[in-house]
Amino acid sequence: MDRRDFLKTSTAAALGAQVFTAPAAHSASPSARQPDLIKTENAKPGASYQLTRMRPDGAKSFRSSVIEGYCSRQSAKAGETLEIFVSTAPVARFQIEVFRMGYYDGVGARLMATLGPFEGKTQPVPAMAEQRLRECSWEATTTLTIPADWPSGVYLGRLSTLPAQAEEPYWQSYVIFIVADDRPADILFQCSDNTWQAYNRWPENESLYTDPRAAHAPGVSVSFDRPYGKYVQILDHPLSMGSGEFLLWEYPLCYWLEKEGYDVTYCSNVDNLDAANLKRCKTMISIGHDEYWDLRQYDYVKQAIADGLNVLWLSANDVYMVTPFTPNGQGQPNRRLTRETCFGEFREEEKEAYSKVLGPFEKTGPDERDIIGARTIVPFNGGGDWTCTKPDHWLFAGTGMKQGDSIPGLVGWEFHGEPDLQRPSLEVVAEGNVWAGGTRLGRYAATIFEGPKKNFVFNASTIFWSQGLSTPPGHIIPWSHFSRPHGPDERVQRITRNLLQRSLA
(Lines give C-alpha, C1' and ligand atoms only; values in the text may rest on other atoms or scores of the structure.)
Protein backbone atom coordinates (compact mmCIF):
# COMPACT_ATOMS: atom_id res chain seq x y z
CA MET A 1 0.00 0.00 0.00
CA ASP A 2 1.52 3.37 -0.99
CA ARG A 3 1.20 6.50 1.13
CA ARG A 4 -1.74 7.86 -0.86
CA ASP A 5 -3.76 4.65 -0.30
CA PHE A 6 -2.77 4.53 3.35
CA LEU A 7 -4.00 8.07 3.95
CA LYS A 8 -7.28 7.36 2.20
CA THR A 9 -7.86 4.21 4.25
CA SER A 10 -6.82 5.57 7.64
CA THR A 11 -8.72 8.83 7.46
CA ALA A 12 -11.90 8.00 5.59
CA ALA A 13 -14.02 7.77 8.73
CA ALA A 14 -12.61 10.96 10.22
CA LEU A 15 -13.33 13.12 7.19
CA GLY A 16 -17.02 13.20 7.86
CA ALA A 17 -16.68 14.18 11.52
CA GLN A 18 -17.09 17.93 11.80
CA VAL A 19 -17.69 18.33 15.55
CA PHE A 20 -15.00 17.70 18.16
CA THR A 21 -15.61 17.26 21.88
CA ALA A 22 -12.83 15.94 24.07
CA PRO A 23 -13.62 13.02 26.42
CA ALA A 24 -15.31 14.07 29.62
CA ALA A 25 -12.86 14.69 32.44
CA HIS A 26 -13.24 15.55 36.09
CA SER A 27 -12.48 19.19 36.80
CA ALA A 28 -13.18 21.69 39.50
CA SER A 29 -16.12 24.04 39.25
CA PRO A 30 -15.37 26.79 36.71
CA SER A 31 -16.01 29.34 39.46
CA ALA A 32 -13.92 27.62 42.15
CA ARG A 33 -10.60 29.02 43.28
CA GLN A 34 -7.72 26.84 42.04
CA PRO A 35 -4.47 28.54 43.13
CA ASP A 36 -2.28 25.63 41.96
CA LEU A 37 -3.97 25.19 38.58
CA ILE A 38 -1.13 26.71 36.55
CA LYS A 39 1.57 24.80 38.45
CA THR A 40 -0.30 21.54 37.93
CA GLU A 41 -0.93 22.28 34.26
CA ASN A 42 2.70 23.09 33.52
CA ALA A 43 3.86 19.81 35.04
CA LYS A 44 2.26 18.04 32.07
CA PRO A 45 4.32 17.08 28.99
CA GLY A 46 5.02 19.85 26.51
CA ALA A 47 5.09 19.82 22.72
CA SER A 48 6.54 22.13 20.08
CA TYR A 49 3.91 24.48 18.69
CA GLN A 50 6.10 26.13 16.06
CA LEU A 51 5.52 26.32 12.32
CA THR A 52 8.09 24.57 10.16
CA ARG A 53 6.92 25.39 6.64
CA MET A 54 4.96 28.57 5.83
CA ARG A 55 4.59 30.14 2.40
CA PRO A 56 3.27 33.69 1.92
CA ASP A 57 1.58 34.34 -1.40
CA GLY A 58 4.41 36.63 -2.44
CA ALA A 59 7.16 38.88 -1.15
CA LYS A 60 4.70 41.74 -0.54
CA SER A 61 1.71 39.61 0.43
CA PHE A 62 0.07 39.55 3.86
CA ARG A 63 -1.53 36.13 3.54
CA SER A 64 -0.79 32.47 2.95
CA SER A 65 -3.72 31.26 0.87
CA VAL A 66 -2.27 27.75 0.65
CA ILE A 67 -3.77 27.26 4.13
CA GLU A 68 -5.32 29.92 6.41
CA GLY A 69 -8.20 30.25 8.82
CA TYR A 70 -9.96 32.05 11.66
CA CYS A 71 -12.23 31.32 14.63
CA SER A 72 -15.81 32.36 15.27
CA ARG A 73 -15.06 33.91 18.65
CA GLN A 74 -12.22 35.78 20.30
CA SER A 75 -12.69 33.67 23.43
CA ALA A 76 -14.80 30.79 24.71
CA LYS A 77 -15.38 29.09 28.06
CA ALA A 78 -15.66 25.41 28.94
CA GLY A 79 -18.80 23.93 27.38
CA GLU A 80 -19.10 26.70 24.80
CA THR A 81 -18.62 26.02 21.10
CA LEU A 82 -16.14 27.58 18.74
CA GLU A 83 -16.25 27.25 14.97
CA ILE A 84 -13.00 27.06 13.01
CA PHE A 85 -13.00 28.17 9.38
CA VAL A 86 -10.20 27.06 7.07
CA SER A 87 -9.45 27.63 3.39
CA THR A 88 -6.89 25.80 1.26
CA ALA A 89 -5.82 26.85 -2.22
CA PRO A 90 -5.28 24.57 -3.99
CA VAL A 91 -7.71 22.18 -2.30
CA ALA A 92 -5.84 19.96 0.15
CA ARG A 93 -6.46 17.71 3.11
CA PHE A 94 -5.31 19.13 6.42
CA GLN A 95 -5.37 18.69 10.17
CA ILE A 96 -5.55 21.08 13.13
CA GLU A 97 -3.33 20.58 16.19
CA VAL A 98 -4.55 22.61 19.16
CA PHE A 99 -1.90 23.84 21.62
CA ARG A 100 -2.21 25.64 24.93
CA MET A 101 0.60 28.17 25.31
CA GLY A 102 2.61 28.20 28.54
CA TYR A 103 5.96 27.05 29.95
CA TYR A 104 5.81 23.24 30.10
CA ASP A 105 9.41 22.63 31.20
CA GLY A 106 10.66 25.12 28.62
CA VAL A 107 8.99 23.49 25.61
CA GLY A 108 6.44 26.32 25.54
CA ALA A 109 3.12 24.60 24.78
CA ARG A 110 1.01 21.49 25.36
CA LEU A 111 -0.78 19.59 22.59
CA MET A 112 -4.44 19.46 23.69
CA ALA A 113 -6.08 17.83 20.66
CA THR A 114 -5.57 16.89 17.03
CA LEU A 115 -8.62 17.52 14.84
CA GLY A 116 -9.25 16.01 11.44
CA PRO A 117 -8.08 15.13 8.89
CA PHE A 118 -10.45 17.35 6.91
CA GLU A 119 -11.10 17.75 3.22
CA GLY A 120 -10.07 21.28 2.41
CA LYS A 121 -11.85 23.71 0.15
CA THR A 122 -10.99 27.09 -1.30
CA GLN A 123 -13.16 29.70 0.39
CA PRO A 124 -13.95 33.12 -1.14
CA VAL A 125 -12.16 36.37 -0.41
CA PRO A 126 -14.88 38.85 0.55
CA ALA A 127 -15.34 42.01 -1.48
CA MET A 128 -14.47 45.27 0.23
CA ALA A 129 -17.57 46.78 1.82
CA GLU A 130 -18.28 50.20 3.30
CA GLN A 131 -15.67 51.52 5.73
CA ARG A 132 -13.08 49.36 3.94
CA LEU A 133 -14.47 46.30 5.69
CA ARG A 134 -13.35 42.79 4.70
CA GLU A 135 -15.52 40.22 6.44
CA CYS A 136 -15.57 36.52 5.56
CA SER A 137 -18.65 34.30 5.56
CA TRP A 138 -16.85 30.99 5.19
CA GLU A 139 -18.22 27.53 5.68
CA ALA A 140 -17.14 26.13 9.04
CA THR A 141 -14.58 23.33 8.89
CA THR A 142 -15.30 22.04 12.39
CA THR A 143 -17.04 22.97 15.62
CA LEU A 144 -15.02 22.62 18.80
CA THR A 145 -16.73 22.34 22.17
CA ILE A 146 -14.28 23.55 24.82
CA PRO A 147 -13.64 20.64 27.23
CA ALA A 148 -14.12 21.14 30.95
CA ASP A 149 -10.49 20.27 31.69
CA TRP A 150 -8.93 22.80 29.32
CA PRO A 151 -7.48 25.55 31.56
CA SER A 152 -7.86 29.17 30.64
CA GLY A 153 -5.07 30.24 28.33
CA VAL A 154 -4.10 31.32 24.85
CA TYR A 155 -4.59 28.51 22.35
CA LEU A 156 -3.03 28.14 18.91
CA GLY A 157 -4.43 25.86 16.26
CA ARG A 158 -1.63 24.75 13.93
CA LEU A 159 -3.07 24.15 10.47
CA SER A 160 -1.03 21.67 8.41
CA THR A 161 -1.77 20.36 4.94
CA LEU A 162 -1.45 16.58 4.52
CA PRO A 163 0.18 15.77 1.17
CA ALA A 164 -0.97 12.63 -0.60
CA GLN A 165 2.61 11.69 -1.44
CA ALA A 166 5.89 12.00 0.43
CA GLU A 167 7.38 13.94 -2.49
CA GLU A 168 4.87 16.78 -2.03
CA PRO A 169 5.53 19.62 0.46
CA TYR A 170 3.27 20.46 3.39
CA TRP A 171 2.32 23.98 4.50
CA GLN A 172 1.25 25.49 7.81
CA SER A 173 -0.23 28.52 9.55
CA TYR A 174 -2.13 29.27 12.76
CA VAL A 175 -5.54 30.16 14.09
CA ILE A 176 -5.75 31.64 17.59
CA PHE A 177 -8.36 31.82 20.34
CA ILE A 178 -8.51 32.32 24.11
CA VAL A 179 -10.09 29.96 26.61
CA ALA A 180 -11.57 32.10 29.37
CA ASP A 181 -13.15 31.12 32.69
CA ASP A 182 -15.00 32.59 35.66
CA ARG A 183 -12.78 31.40 38.48
CA PRO A 184 -11.24 33.80 41.01
CA ALA A 185 -7.51 34.16 40.35
CA ASP A 186 -4.63 36.37 41.37
CA ILE A 187 -3.81 37.71 37.89
CA LEU A 188 -5.95 38.52 34.87
CA PHE A 189 -3.85 38.44 31.68
CA GLN A 190 -5.73 40.58 29.17
CA CYS A 191 -4.63 39.88 25.62
CA SER A 192 -4.52 42.94 23.35
CA ASP A 193 -6.43 41.27 20.52
CA ASN A 194 -8.34 44.39 19.50
CA THR A 195 -5.00 45.83 18.44
CA TRP A 196 -3.98 42.58 16.71
CA GLN A 197 -7.04 43.00 14.52
CA ALA A 198 -6.60 46.74 14.01
CA TYR A 199 -3.22 46.11 12.35
CA ASN A 200 -4.30 42.96 10.47
CA ARG A 201 -3.85 43.60 6.72
CA TRP A 202 -5.53 40.44 5.40
CA PRO A 203 -6.19 39.84 2.55
CA GLU A 204 -4.58 42.54 0.40
CA ASN A 205 -3.85 45.56 2.60
CA GLU A 206 -6.94 46.21 4.72
CA SER A 207 -6.33 47.37 8.28
CA LEU A 208 -7.45 50.40 10.27
CA TYR A 209 -4.38 52.14 8.83
CA THR A 210 -4.83 51.78 5.09
CA ASP A 211 -7.64 54.24 4.37
CA PRO A 212 -6.39 56.66 1.68
CA ARG A 213 -7.63 59.64 3.69
CA ALA A 214 -5.25 59.12 6.63
CA ALA A 215 -3.58 56.40 8.68
CA HIS A 216 -5.83 57.26 11.65
CA ALA A 217 -8.99 58.11 9.74
CA PRO A 218 -12.32 57.77 11.58
CA GLY A 219 -15.11 55.59 10.23
CA VAL A 220 -12.88 52.68 9.17
CA SER A 221 -13.80 49.15 10.30
CA VAL A 222 -12.18 45.73 10.65
CA SER A 223 -13.73 42.35 11.33
CA PHE A 224 -12.58 39.42 13.45
CA ASP A 225 -14.17 37.22 10.77
CA ARG A 226 -11.00 36.84 8.71
CA PRO A 227 -7.59 35.22 9.11
CA TYR A 228 -4.75 37.09 10.77
CA GLY A 229 -2.27 37.93 8.05
CA LYS A 230 1.47 38.25 8.37
CA TYR A 231 2.44 40.94 10.85
CA VAL A 232 4.89 43.33 9.21
CA GLN A 233 4.61 46.63 11.08
CA ILE A 234 8.06 46.56 12.65
CA LEU A 235 8.96 42.88 12.54
CA ASP A 236 8.59 40.74 9.44
CA HIS A 237 8.15 37.34 11.09
CA PRO A 238 6.34 34.95 8.71
CA LEU A 239 6.40 32.10 11.22
CA SER A 240 3.85 33.98 13.34
CA MET A 241 1.28 33.85 10.48
CA GLY A 242 -2.24 33.60 11.87
CA SER A 243 -1.33 34.31 15.53
CA GLY A 244 -2.08 38.04 15.54
CA GLU A 245 0.50 39.81 17.72
CA PHE A 246 0.48 37.29 20.58
CA LEU A 247 3.71 35.46 19.75
CA LEU A 248 5.58 38.70 19.12
CA TRP A 249 4.72 40.84 22.16
CA GLU A 250 2.67 38.82 24.66
CA TYR A 251 3.96 35.25 24.71
CA PRO A 252 7.17 36.08 26.67
CA LEU A 253 5.03 37.24 29.61
CA CYS A 254 2.76 34.18 29.38
CA TYR A 255 5.81 31.89 29.30
CA TRP A 256 7.43 33.65 32.28
CA LEU A 257 4.30 33.84 34.46
CA GLU A 258 3.62 30.14 34.00
CA LYS A 259 7.28 29.25 34.58
CA GLU A 260 7.08 31.13 37.88
CA GLY A 261 3.84 29.36 38.82
CA TYR A 262 1.66 32.44 39.23
CA ASP A 263 -2.09 31.96 39.54
CA VAL A 264 -3.09 33.50 36.19
CA THR A 265 -6.21 33.39 34.05
CA TYR A 266 -6.62 34.82 30.53
CA CYS A 267 -9.14 36.92 28.65
CA SER A 268 -9.56 38.89 25.45
CA ASN A 269 -10.32 42.60 25.21
CA VAL A 270 -13.98 41.83 24.58
CA ASP A 271 -14.30 39.90 27.85
CA ASN A 272 -13.81 43.15 29.74
CA LEU A 273 -17.12 44.41 28.42
CA ASP A 274 -18.37 42.43 31.43
CA ALA A 275 -17.52 44.32 34.62
CA ALA A 276 -17.66 41.09 36.61
CA ASN A 277 -14.64 39.80 34.72
CA LEU A 278 -12.47 42.40 36.46
CA LYS A 279 -13.86 41.78 39.92
CA ARG A 280 -12.59 38.19 40.30
CA CYS A 281 -8.86 38.99 40.22
CA LYS A 282 -6.48 41.07 42.30
CA THR A 283 -4.43 42.36 39.39
CA MET A 284 -5.03 42.95 35.69
CA ILE A 285 -2.10 42.99 33.28
CA SER A 286 -2.27 44.74 29.93
CA ILE A 287 0.57 43.44 27.81
CA GLY A 288 2.30 44.46 24.59
CA HIS A 289 0.39 46.81 22.31
CA ASP A 290 -3.06 47.61 23.75
CA GLU A 291 -4.11 50.58 21.65
CA TYR A 292 -7.75 49.96 20.68
CA TRP A 293 -10.52 50.04 23.31
CA ASP A 294 -14.29 50.26 23.44
CA LEU A 295 -15.41 53.01 25.84
CA ARG A 296 -17.07 50.37 28.02
CA GLN A 297 -13.69 48.75 28.64
CA TYR A 298 -12.37 52.11 29.82
CA ASP A 299 -15.34 52.73 32.11
CA TYR A 300 -15.18 49.30 33.72
CA VAL A 301 -11.42 49.41 34.29
CA LYS A 302 -11.69 52.90 35.79
CA GLN A 303 -14.39 51.69 38.16
CA ALA A 304 -12.41 48.55 38.98
CA ILE A 305 -9.40 50.69 39.98
CA ALA A 306 -11.71 52.70 42.24
CA ASP A 307 -12.91 49.41 43.75
CA GLY A 308 -9.34 48.22 44.48
CA LEU A 309 -8.04 46.49 41.36
CA ASN A 310 -4.30 46.76 40.70
CA VAL A 311 -3.40 47.36 37.05
CA LEU A 312 0.00 46.72 35.48
CA TRP A 313 0.40 48.35 32.08
CA LEU A 314 3.32 46.23 30.86
CA SER A 315 2.55 47.76 27.50
CA ALA A 316 2.39 51.07 25.67
CA ASN A 317 0.38 53.17 23.21
CA ASP A 318 -2.49 51.95 25.38
CA VAL A 319 -6.10 53.13 25.26
CA TYR A 320 -5.31 55.48 22.37
CA MET A 321 -8.20 55.01 19.94
CA VAL A 322 -11.91 54.66 20.71
CA THR A 323 -13.16 51.66 18.74
CA PRO A 324 -16.66 50.49 19.66
CA PHE A 325 -17.60 46.85 19.08
CA THR A 326 -20.51 46.11 16.76
CA PRO A 327 -22.06 42.89 15.40
CA ASN A 328 -20.96 41.20 12.19
CA GLY A 329 -23.16 40.73 9.15
CA GLN A 330 -24.83 37.70 10.72
CA GLY A 331 -25.67 39.62 13.89
CA GLN A 332 -23.04 37.97 16.09
CA PRO A 333 -22.12 40.61 18.67
CA ASN A 334 -18.70 42.20 19.14
CA ARG A 335 -17.10 40.95 15.91
CA ARG A 336 -16.35 44.33 14.30
CA LEU A 337 -14.30 47.30 15.46
CA THR A 338 -14.69 50.82 14.07
CA ARG A 339 -12.30 53.68 14.75
CA GLU A 340 -14.48 56.49 16.05
CA THR A 341 -12.15 58.95 17.75
CA CYS A 342 -9.16 59.16 20.10
CA PHE A 343 -8.88 59.04 23.87
CA GLY A 344 -7.88 62.40 25.33
CA GLU A 345 -7.18 65.71 23.64
CA PHE A 346 -4.23 66.19 21.33
CA ARG A 347 -1.94 69.13 22.02
CA GLU A 348 -1.88 71.81 19.33
CA GLU A 349 1.66 70.87 18.28
CA GLU A 350 0.52 67.26 17.92
CA LYS A 351 -2.40 68.27 15.73
CA GLU A 352 -0.07 70.31 13.55
CA ALA A 353 2.71 67.73 13.32
CA TYR A 354 0.37 64.83 12.55
CA SER A 355 -2.47 66.57 10.74
CA LYS A 356 -2.06 64.27 7.75
CA VAL A 357 -2.38 61.04 9.72
CA LEU A 358 -4.56 61.83 12.78
CA GLY A 359 -8.29 62.28 12.38
CA PRO A 360 -9.77 64.80 12.21
CA PHE A 361 -11.76 63.75 15.28
CA GLU A 362 -14.71 65.97 16.18
CA LYS A 363 -15.13 64.74 19.75
CA THR A 364 -12.54 62.93 21.82
CA GLY A 365 -12.92 60.28 24.49
CA PRO A 366 -11.83 60.57 28.13
CA ASP A 367 -8.19 61.13 29.11
CA GLU A 368 -6.37 57.79 29.24
CA ARG A 369 -4.09 59.16 31.97
CA ASP A 370 -6.94 58.62 34.43
CA ILE A 371 -6.37 54.87 34.24
CA ILE A 372 -2.70 54.73 33.09
CA GLY A 373 -0.91 57.71 34.63
CA ALA A 374 0.59 58.92 31.33
CA ARG A 375 -0.51 59.07 27.71
CA THR A 376 0.62 58.45 24.17
CA ILE A 377 2.39 61.55 22.88
CA VAL A 378 3.95 62.69 19.61
CA PRO A 379 6.35 61.35 18.52
CA PHE A 380 4.63 58.17 19.70
CA ASN A 381 7.30 55.73 18.61
CA GLY A 382 11.05 55.34 18.81
CA GLY A 383 13.64 53.51 20.86
CA GLY A 384 15.57 54.23 24.05
CA ASP A 385 16.92 52.95 27.36
CA TRP A 386 14.72 52.50 30.47
CA THR A 387 16.39 54.73 33.08
CA CYS A 388 15.77 54.61 36.84
CA THR A 389 14.81 57.91 38.53
CA LYS A 390 13.68 56.69 41.99
CA PRO A 391 16.07 53.95 43.11
CA ASP A 392 14.70 54.01 46.69
CA HIS A 393 11.18 53.10 45.55
CA TRP A 394 10.05 49.58 46.55
CA LEU A 395 9.71 48.87 42.84
CA PHE A 396 13.52 48.63 42.57
CA ALA A 397 14.15 46.52 45.67
CA GLY A 398 16.75 43.86 44.99
CA THR A 399 17.63 45.17 41.52
CA GLY A 400 20.77 47.01 42.55
CA MET A 401 19.74 49.91 40.30
CA LYS A 402 20.96 53.38 41.16
CA GLN A 403 19.84 56.80 40.00
CA GLY A 404 20.50 57.04 36.26
CA ASP A 405 21.10 53.30 35.73
CA SER A 406 19.54 52.09 32.49
CA ILE A 407 18.22 48.88 30.97
CA PRO A 408 19.42 49.13 27.35
CA GLY A 409 16.85 49.26 24.57
CA LEU A 410 13.88 48.37 26.76
CA VAL A 411 11.80 51.37 25.61
CA GLY A 412 10.12 50.91 22.25
CA TRP A 413 8.73 50.85 19.77
CA GLU A 414 5.99 52.95 21.34
CA PHE A 415 5.74 54.48 24.80
CA HIS A 416 3.87 56.88 27.09
CA GLY A 417 4.82 60.39 28.15
CA GLU A 418 3.33 63.56 29.65
CA PRO A 419 2.56 62.01 33.06
CA ASP A 420 -0.42 63.28 35.03
CA LEU A 421 1.56 65.29 37.58
CA GLN A 422 -1.66 66.80 38.98
CA ARG A 423 -2.43 63.41 40.55
CA PRO A 424 -1.04 63.72 44.13
CA SER A 425 0.23 60.16 44.47
CA LEU A 426 1.79 59.80 41.03
CA GLU A 427 5.53 59.16 40.87
CA VAL A 428 7.77 59.01 37.81
CA VAL A 429 9.98 55.95 38.39
CA ALA A 430 11.81 55.92 35.06
CA GLU A 431 12.16 58.47 32.29
CA GLY A 432 14.43 59.48 29.49
CA ASN A 433 14.90 60.03 25.78
CA VAL A 434 13.67 58.09 22.80
CA TRP A 435 14.53 58.74 19.19
CA ALA A 436 11.96 58.20 16.45
CA GLY A 437 13.58 57.15 13.21
CA GLY A 438 16.84 57.03 15.11
CA THR A 439 17.18 60.82 15.44
CA ARG A 440 13.91 62.62 16.28
CA LEU A 441 13.84 63.29 20.03
CA GLY A 442 10.96 62.29 22.29
CA ARG A 443 10.48 61.70 26.03
CA TYR A 444 8.94 58.73 27.81
CA ALA A 445 7.84 58.40 31.44
CA ALA A 446 7.15 55.24 33.44
CA THR A 447 4.83 55.97 36.35
CA ILE A 448 3.08 54.52 39.37
CA PHE A 449 0.16 55.93 41.36
CA GLU A 450 -1.93 54.81 44.32
CA GLY A 451 -5.54 53.74 44.11
CA PRO A 452 -8.08 54.50 46.85
CA LYS A 453 -7.92 51.05 48.50
CA LYS A 454 -4.18 50.46 48.90
CA ASN A 455 -4.06 49.33 45.27
CA PHE A 456 -1.83 50.86 42.60
CA VAL A 457 -1.46 51.38 38.86
CA PHE A 458 1.93 50.89 37.20
CA ASN A 459 2.78 52.08 33.69
CA ALA A 460 5.97 50.53 32.25
CA SER A 461 5.75 52.85 29.22
CA THR A 462 7.03 50.36 26.67
CA ILE A 463 5.68 47.68 24.37
CA PHE A 464 8.99 45.85 24.86
CA TRP A 465 8.62 45.11 28.60
CA SER A 466 8.00 41.39 28.07
CA GLN A 467 11.23 41.10 26.07
CA GLY A 468 13.07 41.53 29.38
CA LEU A 469 11.23 38.60 30.97
CA SER A 470 11.91 35.60 28.74
CA THR A 471 12.79 34.33 25.29
CA PRO A 472 10.43 31.40 24.62
CA PRO A 473 11.10 28.80 21.91
CA GLY A 474 10.79 30.39 18.48
CA HIS A 475 10.86 33.96 19.80
CA ILE A 476 12.69 36.71 17.90
CA ILE A 477 13.86 39.87 19.68
CA PRO A 478 12.54 42.91 17.76
CA TRP A 479 14.50 45.71 16.17
CA SER A 480 12.82 49.08 15.57
CA HIS A 481 13.88 52.69 15.03
CA PHE A 482 17.49 51.47 15.00
CA SER A 483 17.14 50.24 18.59
CA ARG A 484 16.45 46.90 20.25
CA PRO A 485 16.00 45.33 23.71
CA HIS A 486 18.56 42.74 24.80
CA GLY A 487 16.24 39.95 25.92
CA PRO A 488 15.80 38.59 29.45
CA ASP A 489 17.18 40.88 32.13
CA GLU A 490 17.27 40.07 35.87
CA ARG A 491 16.28 43.63 36.70
CA VAL A 492 13.11 43.50 34.59
CA GLN A 493 12.26 40.15 36.13
CA ARG A 494 12.84 41.45 39.67
CA ILE A 495 10.81 44.62 39.10
CA THR A 496 7.95 42.49 37.76
CA ARG A 497 8.17 40.18 40.78
CA ASN A 498 8.11 43.20 43.09
CA LEU A 499 5.01 44.54 41.35
CA LEU A 500 3.23 41.20 41.58
CA GLN A 501 4.24 40.58 45.18
CA ARG A 502 2.89 43.97 46.23
CA SER A 503 -0.27 43.70 44.12
CA LEU A 504 -1.12 40.21 45.34
CA ALA A 505 -0.38 40.77 49.03
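Biologist: How do the residues lining the second largest cavity divide into nonpolar, polar and charged?

Modeller: They split into six nonpolar, four polar and one charged. Keep in mind that this is a predicted model.

Biologist: OK, and what's the volume of that second largest cavity?

Modeller: About 40 Å³.

Biologist: Which residues line it?

Modeller: The lining of the second largest cavity is made up of Ser-64, Ile-67, Glu-68, Gly-69, Ser-173, Tyr-174, Trp-202, Pro-227, Tyr-228, Met-241 and Gly-242. By element, strand 2 and strand 9 each give two or more residues to that lining.

Biologist: How many cavities of 30 Å³ or more does the structure hold?

Modeller: Three. The largest cavity comes out at about 140 Å³. It has 17 lining residues, and the ones closest to its centre are Arg-73, Gln-74, Ile-176, Phe-224 and Tyr-228.

Biologist: Which elements give two or more residues to the lining of the largest cavity?

Modeller: Strand 2 (68–71), strand 9 (172–179) and helix 3 (193–198). Strand 9 has the largest share, with four residues.

Biologist: And how does the lining of the largest cavity divide into nonpolar, polar and charged?

Modeller: There you get nine nonpolar residues, four polar and four charged.

Biologist: Let's switch to Arg-280. Where does Arg-280 lie?

Modeller: Arg-280 sits in the loop between helix 5 (275–279) and strand 13 (281–289).

Biologist: Why does Arg-280 count as buried?

Modeller: Because its relative accessibility is 12%, and the cut-off for buried is under 20%.

Biologist: What does the side chain of Arg-280 make a polar contact with?

Modeller: There's one to the side chain of Asp-181 at 3.0 Å, and another to the side chain of Asn-277 at 2.9 Å.

Biologist: Leaving aside neighbours within four places in sequence, which residues is Arg-280 in contact with?

Modeller: With those neighbours set aside, Arg-280 touches Asp-181, Asp-182, Arg-183, Pro-184, Ala-185, Leu-188 and Thr-265.

Biologist: Now the packing. How many residues has the largest nonpolar core?

Modeller: The count is 93, and the residues with the most contacts inside this core are Met-101, Leu-257, Trp-386 and Phe-458. Helix 4 (residues 246–260) is its biggest contributor, giving ten residues.

Biologist: I'm curious about Phe-458. Which residues is Phe-458 in contact with, leaving aside neighbours within four places in sequence?

Modeller: Beyond those neighbours, Phe-458 meets Val-311, Leu-312, Trp-313, Leu-314, Trp-386, Leu-395, Val-429, Thr-447, Ile-448 and Leu-499. There is also a second, separate core, which has 24 residues, including Met-284, Tyr-298, Val-301 and Leu-309.

Biologist: On to the backbone. Which peptide bonds are cis?

Modeller: Pro-90 falls in the loop between strand 4 (81–87) and strand 5 (93–101). Another runs from Val-378 to Pro-379, with omega near -5 degrees. Pro-379 is in the loop between helix 8 (369–372) and strand 20 (381–387).

Biologist: What about phi of Val-319?

Modeller: Phi is positive there, about 50 degrees, although Val-319 is not a glycine. Val-319 belongs to the loop between strand 15 (310–316) and strand 16 (321–322).

Biologist: Is Val-319 buried or exposed?

Modeller: Buried, with a relative accessible area of 0%.

Biologist: And what is phi of His-481 near?

Modeller: His-481, also a residue other than glycine, has a positive phi near 55 degrees. You'll find His-481 in the loop between strand 24 (456–459) and helix 9 (490–504). The relative accessible area of His-481 is 23%, so it is partly exposed.

Biologist: Last one, Arg-491. Where does Arg-491 lie?

Modeller: Arg-491 is part of helix 9. It is partly exposed, at 22% relative accessible area.

Biologist: How many residues apart along the chain are Arg-491 and Gly-398?

Modeller: They're 93 residues apart along the chain, with 8.3 Å between their C-alpha atoms. Leaving aside neighbours within four places in sequence, Arg-491 makes contact with Thr-399, Met-401, Ser-406, Ile-407 and Pro-408.

Methods: Residues numbered from 1 in each chain as written. Predicted model: local features only at pLDDT ≥ 70, side-chain atom pairs only at ≥ 80, totals over all residues. Heavy atoms only, no water. 1 Å grid on protein atoms, 1.4 Å probe; cavity = no way out; pocket = protein on both sides within 12 Å on 5 of 7 lines; lining within 4 Å. Points joined across faces, edges and corners; volume = space filled by probe spheres on them. Nonpolar A, V, L, I, M, F, W, Y, C, P; charged D, E, K, R; others polar. Buried < 20%, exposed > 50% of the residue type's maximum accessible area, 1.4 Å probe, protein only. Polar contact = N/O pair within 3.5 Å; in protein donor to acceptor, adjacent residues only side chain to side chain. Contact = heavy atoms within 4.5 Å. Core = buried A, V, L, I, M, F, W, Y, C linked by side-chain atoms within 4.5 Å.
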